[in-house]
Every structure is written in structure tokens, then in C-alpha cells.
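Colleague: I would like a close look at one part of this model, the pairing of charged side chains. Where are the pairs, and what surrounds them?

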Amino acid sequence: MATENQFMKDARIRGLIDDREIAFMVDVICTNGNNGRAWMLLNGSMLHLCEPVGMVKLGELLESLDLEKAELVKASSFVLNPFVKLRYAGEVYTFRGFAQANRVVETIRECCKG
């Protein structure tokens with residue numbers, strides 16, 4: 001019998017992910033001065049940033065971005081330097097260093113309307 005992933009269960013209970021189960025640790029740089037490591041989680045078109053507690057637990061919700069209101073400035077799924085740069089609510093967010101770059105970049109590209 002397979003055991004349930006507690007991280008994904010917690011994220012689902014908190015409404016941070018959907019059936020795609022997109023949840024990755026990223027380096028975040030924002031023009032508002034907020035920089036550092038965070039969990040990036042996607043539920044529908046909502047991208048949530050959560051504080052990491054170690055490598056396997058979700059901490060406090062730091063920020064949520066509605067990707068339907070965001071502009072995708074630039075993105076790369078190149079395995080050695082994956083990144084996504086978004087413009088949202090007057091700020092520019094850059095996400096770097098995430099796994100499964102093709103999947104993440106393509107999903108964010110599909111969600112962004114701008």
C-alpha cells in the first residue's frame with residue numbers, strides 16, 4: 001500500500017495546489033525587496049509563495065499572485081539556469097533554480113494572460 005505524501009496533503013488541505021501538484025522550492029527576487037528561498041505552489045492560476053520549514057514542510061503563506069493578471073516578461077527552461085520573470089501589481093518577480101523546468105515554465109506561460 002502506497003503512503004500519502006504529507007507535504008502534498010498539507011498543501012492540498014490549505015488550498016495551495018490542485019491536481020497538477022506543482023510545488024517547487026525556488027529562489028525569489030522581487031523589486032519590492034523581498035528576496036530568498038520559498039515554496040512556489042500553483043492552484044489554478046494562483047501562484048502561492050510559502051515560507052519553507054526545512055526542506056519538507058510548508059510555513060507561512062508569504063504572497064499570492066494571480067497569474068491571469070500577471071505579464072510573463074521572460075522565461076527559460078534551460079536545465080542549467082531555469083527562470084521565470086513576471087510583472088505583477090507594479091513589481092517584477094524573478095524565480096530561479098527550480099526543478100522540472102519545462103513543466104513549470106509551460107504551466108506558468110499557459111496561466112499568464114498578459
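Modeller: Start with the rule. A salt bridge is a side-chain nitrogen of Lys or Arg within 4 Å of a carboxyl oxygen of Asp or Glu. Side chains of opposite charge can pair when their charged atoms come close. By this rule the count here is 7 salt bridges.

Two ground rules before the details. The model is predicted, so local features need pLDDT of at least 70 and side-chain atom pairs count only at pLDDT 80 or more, while totals for chains, interfaces and linings use all residues. Residues are numbered from 1 along each chain as its sequence is written, and side-chain values use heavy atoms, with hydrogens and water left out.

The protein chain has 2 helices and 7 strands. Their order from the N terminus is α-β-β-β-β-β-β-β-α. Helices (H or I, at least four residues) and strands (E, at least two) are DSSP runs, numbered from the N terminus.

Now the pairs. Take Arg87 and Glu71. Their side chains meet in a salt bridge, at 3.1 Å from N to O. This pair links distant parts of the chain: Arg87 is in strand β6, Glu71 is in strand β5, and 16 residues separate them. How covered are the two partners? Buried means under 20% relative accessible area, exposed means over 50%, and partly exposed lies in between (1.4 Å probe, protein chains only). Arg87 is partly exposed because its relative accessibility is 38%. Glu71 is partly exposed too, at 34%.

Next, Arg37 and Asp27. Their closest N and O atoms are 2.9 Å apart. Arg37 has a relative accessible area of 40%, so it is partly exposed. Asp27 has 33% and is also partly exposed.

Asp18 and Arg20 form another salt bridge, with 2.8 Å between the closest N and O atoms. Asp18 counts as buried because its relative accessibility is 16%. Arg20 counts as partly exposed, at 29%.

Then there is a network. Salt bridges link Arg12, Asp19 and Glu21. With a relative accessible area of 34%, Glu21 is partly exposed. What does Glu21 touch? Leaving out residues up to four places away in sequence, Glu21 touches Met8, Arg12 and Arg103. Contact here means heavy atoms within 4.5 Å. Glu21 and Leu41 are 20 residues apart in sequence, yet their C-alpha atoms are 8.0 Å apart. The backbone of Glu21 also deserves a look. Its phi is near 50 degrees, a positive value in a residue other than glycine.

Ala89 has a positive phi as well, about 50 degrees, although this residue is not a glycine. Ala89 sits in the loop between β6 and β7. Its relative accessible area is 66%, so Ala89 is exposed.

What lies inside? A nonpolar core is a set of buried Ala, Val, Leu, Ile, Met, Phe, Trp, Tyr and Cys residues joined through side-chain atoms within 4.5 Å. The largest has 26 residues, and Leu47, Leu67, Phe95, Phe98 and Ile108 touch the most other members. Elements that give two or more residues to this core are β1 (22–30), β2 (35–43), β3 (46–53), β6, β7 (91–96) and α2 (101–111). Phe98, from the largest core, touches Phe24, Met25, Val26, Pro82, Phe83, Val84, Val104 and Val105, not counting residues up to four places away in sequence.

Last, the whole chain. Of its 114 residues, 42% count as buried. Of the contacts with a separation of 6 or more, 44% are between residues 24 or more positions apart. Along its principal axes, the C-alpha trace spans about 45 × 25 × 25 Å.
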